[in-house]
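Here is a walk through the aromatic rings of one protein model. Keep the structure open as you read.

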Amino acid sequence: MIVVRYADDAIVGFQHQQDAQRFLADLQNRLREFALETHPEKTRLVEFGRRAERDRMRRGEGRPDTFDFLGLTHICGTKKDGKTFQLWRRTQRKRLKAKLKDVKEGLGRRVHLPIAEQGRWLGGVVRGYFAYHAVPTNFKALCDFRKYVG
């Protein structure tokens, strides 16, 4: 079992499906004791990992599902050799669109400022965006962001 937690968000990974199902049922029962519940749209079982694509293809189910966590979409992928599993992370599309909208509005408020000052502000925005989203396999999304901001 593996647990990745940030604030009130968590991902719990299991090697066997029955372990995941039992954990989810136990978690929901425990939360009910405190009149709480999991969010139905955000809580789900996802077959994920190095064997997921092969197993799903064998069953005729297509590619494994993706999931969003901390602003990134997590995808089952392979390295360049086409054989070795690699976790791909891409910026969530809705987050990218929202940030680009914020940048456009911010530029609209700064249109009267000198170009150099606008450039410093935009540079800070791009650096901050890259500081959070610059993870392996997310290069294309970073290039797209920089291109649109430019």
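Which residues do ring pairs link into a cluster? They are Phe48, Phe67 and Phe85. Keep in mind that the model is predicted.

Start with the overall count. Searching the whole structure turns up four aromatic pairs. One of them joins Phe14 and Phe23. Their ring centres sit 5.3 Å apart, and the planes meet at 45°. Phe14 has 26% relative accessibility, so it is partly exposed. Phe23 is partly exposed too, at 31%.

Now turn to Phe48 and Phe85. Here the ring centres are 6.5 Å apart. The planes stand at 90°, which makes this pair edge-to-face, because planes over 60 degrees apart fall in that class.

Where do the two partners lie? Phe48 is in the loop between helix 1 (17–32) and helix 2 (52–58). Phe85 is in strand 5 (residues 85–91). The pair therefore ties together parts that are 37 residues apart in sequence.

One more ring deserves a look. Which residue lies over the face of Tyr148? Lys147 does, at 5.1 Å from the ring centre.

Key. Residues are numbered from 1 along each chain as its sequence is written. This is a predicted model: local features need pLDDT of at least 70, side-chain atom pairs count only at pLDDT 80 or more; totals for chains, interfaces and linings use all residues. Side-chain values use heavy atoms; hydrogens and water are left out. Rings of Phe, Tyr and Trp (its six-membered ring) pair if their centres lie within 6.5 Å; planes under 30 degrees apart count as stacked, over 60 as edge-to-face and the rest as tilted. Buried means under 20% relative accessible area, exposed over 50%, partly exposed in between (1.4 Å probe, protein chains only). Helices (H or I, at least four residues) and strands (E, at least two) are DSSP runs, numbered from the N terminus. A charge sits over a ring if NZ of Lys or CZ of Arg is within 6 Å of the ring centre and within 35 degrees of the ring normal.
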